[in-house]
Structures are given as structure tokens and as C-alpha cells.
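Dear colleague,

I am handing over the structure shown below, together with a short account of what was found in it. Please read the account with the structure open beside you.

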Amino acid sequence: MTLERKIAGIFKLDDENWMRHANPVSVWTRYSVLPFIVIAFWSREWIGWWCLVPGLASLLWLFFNPILFKKPKSTKNWASKAVLGERVYLNRDTVPIPDRHTIPLHGFLNGISFTGLLLAVWATVYFSVWGAILGVSLAYLGKSWFLDRMVWLYEDMKEANELYRSWEY
């Protein structure tokens, strides 16, 4: 079982919920989470322990966002294809993906994103504005580039697999 499949299980991403998450509104609003978490915990200086309220709300948004939206009217857009590509990628242990998509770039991009996340956490703890901006930027650069690769993977795989082709409408 791939790590991505385990993570999808935590977020309760079954067939129906994957399609809900493929709604572009879900994808684009999920980008709001990290800045809101940084701001929420940064506010501990002004509102003390009350910072946990917006911080917890942001974490709940992260968790429930993938299932709150309805199925998109169309999956013929970048955001939907990125989510569908993630779904293809997590199935790579049962449905092989082309060799050009098995290169270590995916891990590298996730590493950039994770490094940005760690920097954002550090910057939040030490109130570093530039650290927070750089950290969030790196996290989103890595994630966005990874998602772009997932679009490419989905496009390649839907041509060879009827199930994947059926996801596009």
C-alpha cells in the first residue's frame, strides 16, 4: 500500500469523495490553509491561547475541505486533473505508471514542499516574516509543481486505461 493511499484513507477519500475533491473550488480553497495556520499561530502574541481557535478551524478546514464540495460539473480543467492524477499516482502499486513518471522528481518536489512547511513553522515560532513568506512560498512551489506533474500523469494514463478515461467529463 502506498503512503498516498494511507493518507487518502485518513481523509476518507473513497470514489465519491475523490470526485468531490476534484472540484476546482476544493483544490483552490485548500491553498488557503497554510497561510491561515501561520497567521492563526502568529496571533498568539496578541490573543494568547485564543489563537488555538482559528488554528484549529484551519486544521479542520484542511481535513474536511476534500469532501465538502459537490462533484464538479466538468473535470476538464487543471485542478481536477491534478487531483485525478494524484489518485492515479497512489494506485501505482496496482496499476503501473509509465517509466517517465517513476523518476525521483516527485519525491524531490514533496521534499521542497515539506522543507517550506518546516520553515513556515520555524518562522511562526520565531516571528520571522521573511521566513514565513519564504516557507509558504516554497511549500506552494513544491506542491504546485507536483500537482502539475500529476496532470501530466493523468493525461498519459487516461489514454491507456478505460477506468481513468471515465473520470473525465
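What percentage of the 169 residues in the protein chain is made up of buried residues? The share is 42%. Please bear in mind throughout that this is a predicted model.

**Overall architecture**

The protein chain contains 10 helices and 0 strands. Followed along the sequence, the pattern is accordingly α-α-α-α-α-α-α-α-α-α. The chain has a radius of gyration of 17 Å, close to the 15 Å that the globule rule gives for 169 residues, so the chain is as compact as a globular protein of that length. Its C-alpha trace spans about 55 × 35 × 30 Å along the principal axes. Of the contacts with a separation of 6 or more, 77% are between residues 24 or more positions apart.

**Helix α4 and its two partners**

Two packed helices are described by the angle between their axes and the distance between the axes. Both values are given here for two pairs that involve α4.

On the α4 side the contact is made by V33, F36, I37, A40 and F41, and on the α6 side by L52, P54, G55, S58, L59, W61 and L62. By class, this contact has 10 nonpolar, 2 polar and no charged residues.

The second pair is α4 with helix α9 (residues 129-160), where the axes come within 10 Å and cross at roughly 155°. These two helices are therefore also roughly antiparallel to each other. The crossing of α4 and α9, however, is right-handed. Here α4 contributes V33, L34, P35, V38 and W42, while α9 contributes V129, A132, V136, A139 and Y140. The residues of this contact divide into 10 nonpolar, no polar and no charged.

V33 of α4 takes part in the contact with α6 and also in the contact with α9.

**A residue in helix α6**

A57 lies in helix α6. Is A57 buried, partly exposed or exposed? Its relative accessibility is 43%, so A57 counts as partly exposed. From A57 to R100 there are 43 residues in sequence, and their C-alpha atoms are 39 Å apart in space.

With kind regards

Definitions and conventions: Residues numbered from 1 in each chain as written. Predicted model: local features only at pLDDT ≥ 70, side-chain atom pairs only at ≥ 80, totals over all residues. Heavy atoms only, no water. Contact = heavy atoms within 4.5 Å. Helix = DSSP H or I, 4+ residues; strand = E, 2+ residues; numbered from the N terminus. Nonpolar A, V, L, I, M, F, W, Y, C, P; charged D, E, K, R; others polar. Rg over C-alpha atoms; globule rule 2.2 N^0.38 Å. Buried < 20%, exposed > 50% of the residue type's maximum accessible area, 1.4 Å probe, protein only. Axes fitted to C-alpha atoms, helices over the stretch in contact; angles between N-to-C directions. Parallel < 35°, antiparallel > 145°, perpendicular 65-115°, else oblique. Left-handed = near helix turned anticlockwise from the far one by under 90°.
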